[in-house]
Amino acid sequence: MDRKDFLIKMNREGRAVVETESREETFALGQALGEAGHAGQVYALEGDLGVGKTVFTQGFARGLGITEPVNSPTFTILQTYEGGRLELCHFDVYRIADIDEMEETGYEDCFYGEGVCLVEWADLIEDILPDSCIRIRIEREPERGFDYRKITISGGTRKA
């Protein structure tokens, strides 16, 4: 499956479910959404440790035209990439102990700026996410195989 194979149709509740069966397919879904991304969007990524949030983000960055390596900013909280058609602000808030720590990152400039934001572990900062954020929940279903992922996309709602 390549990125052109993804046809994402939202249901009446504003949700779409995409199933991927490899790391490459998860990357390709991210790439397809990055190609369609526009300024001012905030993507809230949710899912367990090691489920593929960073792989999705790497694909999204590629879709924006960013060619430099993209890694999870676990220790720095925020990494900004400017080499694509839009700036990408990539947050990993896993290590945020208190939501007030987000003030130190300058998150508002990113959330309400001219670029695109992806926030890994977004459920930890629920109270400051814009209502209009696009939620991406990535889940494993081990009985479907090691690389299988169920990816639920919902837009403009508080929970996926």
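Tutor: Let's start with the salt bridges, then turn to a helix and a surface patch.

Student: Before that, what kind of model is this?

Tutor: It's a predicted model, where local features need pLDDT of at least 70, side-chain atom pairs count only at pLDDT 80 or more, and totals for chains, interfaces and linings use all residues. Residues are numbered from 1 along each chain as its sequence is written, and side-chain values use heavy atoms, with hydrogens and water left out.

Student: OK, how many salt bridges are there?

Tutor: The count comes to 4 salt bridges, taking one as a side-chain nitrogen of Lys or Arg within 4 Å of a carboxyl oxygen of Asp or Glu.

Student: Which residue does Glu46 form a salt bridge with?

Tutor: Arg135, with the closest N and O atoms 2.7 Å apart. That pair links distant parts of the chain, as Glu46 is in strand 2 (residues 42–46) and Arg135 in strand 6, 89 residues apart. Helices (H or I, at least four residues) and strands (E, at least two) are DSSP runs, numbered from the N terminus.

Student: Are Glu46 and Arg135 buried or exposed?

Tutor: Both are buried. Buried means under 20% relative accessible area, exposed over 50%, and partly exposed in between (1.4 Å probe, protein chains only). Arg135 has a relative accessible area of 0%.

Student: What does Glu126 meet in a salt bridge?

Tutor: Arg135 again, at 2.8 Å, N to O. Glu126 counts as buried because its relative accessibility is 15%. Glu46, Glu126, Arg135 and Arg137 are linked in a network of salt bridges.

Student: And what about Arg144?

Tutor: Its side chain meets Glu19 in a salt bridge at 3.3 Å, N to O. Arg144 lies in the loop between strand 6 (134–140) and strand 7 (149–155) and Glu19 in strand 1 (residues 15–20), so the pair ties together parts that are 125 residues apart in sequence. Arg144 is partly exposed at 44%, and Glu19 is partly exposed at 38%.

Student: Switching topic: how many residues of helix 1 are buried?

Tutor: 10 of its 14 residues, so helix 1 is mostly covered given that cut-off. Among the buried ones are Phe27, Leu29 and Leu33.

Student: Last one: which residues form the negative surface patch?

Tutor: Asp98, Asp100, Glu103, Glu104, Glu108 and Asp109. Patches are made of residues with over 30% relative accessible area and no salt bridge, with like charges joined within 9 Å and nonpolar side chains (Val, Leu, Ile, Met, Phe, Trp, Tyr) within 5 Å. Asp98 is partly exposed, at 39%.

How values were computed
Accessible areas come from the Shrake-Rupley method with a 1.4 Å probe; for residues, only the protein chains shown count as cover. Lys and Arg count as positive and Asp and Glu as negative; His and the chain ends are not counted. The place of a charge is taken as NZ of Lys, CZ of Arg, CG of Asp or CD of Glu.
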